[in-house]
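Thanks for coming. I will go through one model today, sheets first, then the contact between the chains.

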Amino acid sequence: MPLNLQGIALDPVHAQWRRVAKDVATKLALDADRVDREGEYPTLGVNLLTSSGLTGLTVPKEKGGAGGNIKTAALVIEELAQGCASCATCYTMHLSSMTLMAALASEDQIERLLLPMMRCGRLNSVAMSEPGSGNRLWHTDSYAERLPSGYQIDSFKSFASSSGNAGHYIVPVRASNSVGPTDISLFVIDGTDPQVKPVGRWDGMGLRGSASTPVHFDKVLVPEGNRLGSETCGFSMLFAYTLPIYQVGLSAMYLGIAQAAYDTAVAHVKKRIHSDTGLSLSKLETVQRYIGEMRVRIDQSRHLIYRVAQMADNAVVLFNELAEADLLDEIIRANPDDPFFIEVAQVKVSASEMANDVVAKSFQVCGGSAYKRGHRVERCVRDVRASSVMAPSDDTLKLIIGRQILGIEQPWEG
Amino acid sequence: MNSLPFQSLYDCLAEFQQRFNAHTRVKKLVVNWDRSIVVEATDSASVATMMIKELHVTEVLSGAHPDTSNPIHLQAGESALIRIFSGDYNPAHALIEGDLAVFSSEKDKVKLEAITMVIWGL
Ligand SMILES: Cc1cc2nc3c(=O)[nH]c(=O)nc-3n(C[C@H](O)[C@H](O)[C@H](O)COP(=O)(O)OP(=O)(O)OC[C@H]3O[C@@H](n4cnc5c(N)ncnc54)[C@H](O)[C@@H]3O)c2cc1C
């Protein structure tokens, strides 16, 4: 019988990008402590992402990118998060915008916006969350106002990673004040526009370099040419092209944080020797059990992430086919809680719970050392805590999954 | 398992033809996509060919039609095929479950999946 590696083996392109990411992550790690301590945006890291070609990772080659897919992105983000989770957060948001850009950008927008986004040395920010709806990302209060020459956007977004540092912001708002919350327009707003006003300085408990402050788009004038797709397609397009990579990307990031904590814990328990017994922590059954449990959870989660990433890649091919026939918006609106989106919801909940558990166990076996500022696991404890509240929060996702199974209308329907 | 809604694969495909032709959304997907699709049961002698031409399933023929070049070939157990074409079993799921085999170009596979999405749901 021949070897059957289908579905298990990475293809050489995946492997190549993972090597690139590993190399970048090693360099990110050198600056990660400072980024965390000072709450500094990882500018050096962003330069590395640009020079290594990672900023255009998921953009098709014919549109000037590297031609990678969501599975490639998951592999890359997992590596980057092991080096610097703040940088990986900003990169995940950047990639979440790039699949959308690649799918919707017109020829003119490819030249004017997409190509510079890959080369300008800055990441994109996706500013979705609003103070009113919080983690319920499907609801947007703010809206665009039509002007003869384009649009005026007055929108306050409550969190946006890379804010104040982004080359461009992708901003979803309602198409006008007379349409419902799911008739969304998507705008690309230049980061240098003086009416883009980040609020304060990010001082988070973790992911301290992610510059995730609120940002006020204060009556920003946006030309018509900076709207992506049709005026009301934004909701469907975010579902089709942003949500899958965003949820898989965040999951891969939590996986990377968990892996970093676990690796640190394994090294620690081998090295730490009690003077009274002359034995290392690794000889204790309790510790062996923790290590085993962590390994099981990490592997389970990694396989789910790869599986959903692969499903998402297949879905993108289908979405493109439907988009070509001008059917995508209607099909997504007609299938608001399709099982595919439920898989996408599951993957983030699973990765988030796994990572919190693994990091907590790593912390436990590293003991007092891990409680001290500057310890690798101490940073993981703070970084990973964002996972369950980042939108949609794990609680919300579980309700969405349950409603789909039970045949109950989703909150964004009707 | 529920009893099958059709006695034969041919009857089932004939009914599918009506549904396909009445479906306005699916028409947008089959512009310039004239194909023949051979549907073959692996556990009985049932074989039928569906001809898609100018946005319609124009004919359902009994057997693998000899006139067709490079047809798309679908293989499954007869009951699975009947469940699929009567709308009970999403072919995308049948594919993942190993209940359905599709022999075609990659481009045609994508087209079939997209048609599936429109007719059966995602
Ligand atoms: C580090 C970091 C980076 C971020 N980056 C970005 C970014 O780049 N772009 C962006 O748009 N946003 C970003 N966010 C925002 C984030 O995605 C969430 O939108 C935000 O954290 C929600 O906070 P909230 O307090 O308003 O949530 P709320 O909606 O007030 O929810 C608070 C809690 O209430 C419970 N809850 C709320 N609704 C439900 C429900 N329907 N069912 C069950 N339980 C519920 C949950 O336990 C939830 O955790 C970031 C956040 C963080 C922490």
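In chain B, strand 4 (residues 72–76) and strand 5 are paired antiparallel over four bridges. Two strands count as paired if DSSP finds at least two bridges between them. Helices (H or I, at least four residues) and strands (E, at least two) are DSSP runs, numbered from the N terminus. Within that pair, B:Leu74 sits opposite B:Val102 of strand 5.

Before I go on, a word on the source: this is a predicted model, where local features need pLDDT of at least 70 and side-chain atom pairs count only at pLDDT 80 or more, while totals for chains, interfaces and linings use all residues. Residues are numbered from 1 along each chain as its sequence is written, chains are lettered from A and ligands numbered from 1 in the order in which they are written, and side-chain values use heavy atoms, with hydrogens and water left out.

Back to chain B. The pair belongs to an open sheet of five strands in the order 3-2-1-4-5, with mixed pairing. At its edges are strand 3 (56–62) and strand 5 (100–103), each of which pairs on one side only. On average, neighbouring strands of this sheet are turned by 20° against each other, direction ignored. Axes are lines fitted to C-alpha atoms, for helices over the stretch in contact, and angles run from 0 to 180 degrees between N-to-C directions.

Helix 1 (residues 9–22) of chain B packs on the sheet and touches strand 1 (35–41), strand 2 (47–53) and strand 3, its direction making about 175° with that of strand 3. Contact here means heavy atoms within 4.5 Å. Helix 3 (residues 78–85) of chain B lies across strands 1, 2, 4 and 5, at about 135° to strand 1.

Strands 2 and 3 of chain B are antiparallel, with six bridges, and B:Met50 has B:Val60 of strand 3 as its bridge partner. Their hairpin has two residues between the strands, and B:Glu54 takes a positive phi near 45° there.

Now chain A. Four strands make an open sheet, order 1-4-5-8, again with mixed pairing. Strand 1 (124–126) and strand 8 (227–228) of chain A are at the edges with a single partner strand each, so one side of each has no neighbour in the sheet. Strand 4 (residues 168–174) and strand 5 (residues 184–190) of chain A run antiparallel, joined by seven bridges; A:Val173 stands opposite A:Ser185. Helix 4 (residues 85–104) of chain A lies across strands 1, 4, 5 and 8, at about 90° to strand 1.

How do the chains meet? Eleven residues of chain B are in contact with 14 residues of chain A. Together the chains bury about 1,300 Å², 71% of it on carbon and sulfur atoms. Buried area is the accessible area (1.4 Å probe) that two parts lose on being put together, summed over both.

There are three salt bridges between chain B and chain A, a salt bridge being a side-chain nitrogen of Lys or Arg within 4 Å of a carboxyl oxygen of Asp or Glu. One of them joins A:Glu321 to B:Lys111, with the closest N and O atoms 2.7 Å apart. On the side of chain B that touches chain A, helix 2 (24–29) and helix 5 (106–120) of chain B each supply at least two residues. Helix 5 of chain B gives the most, with six residues.
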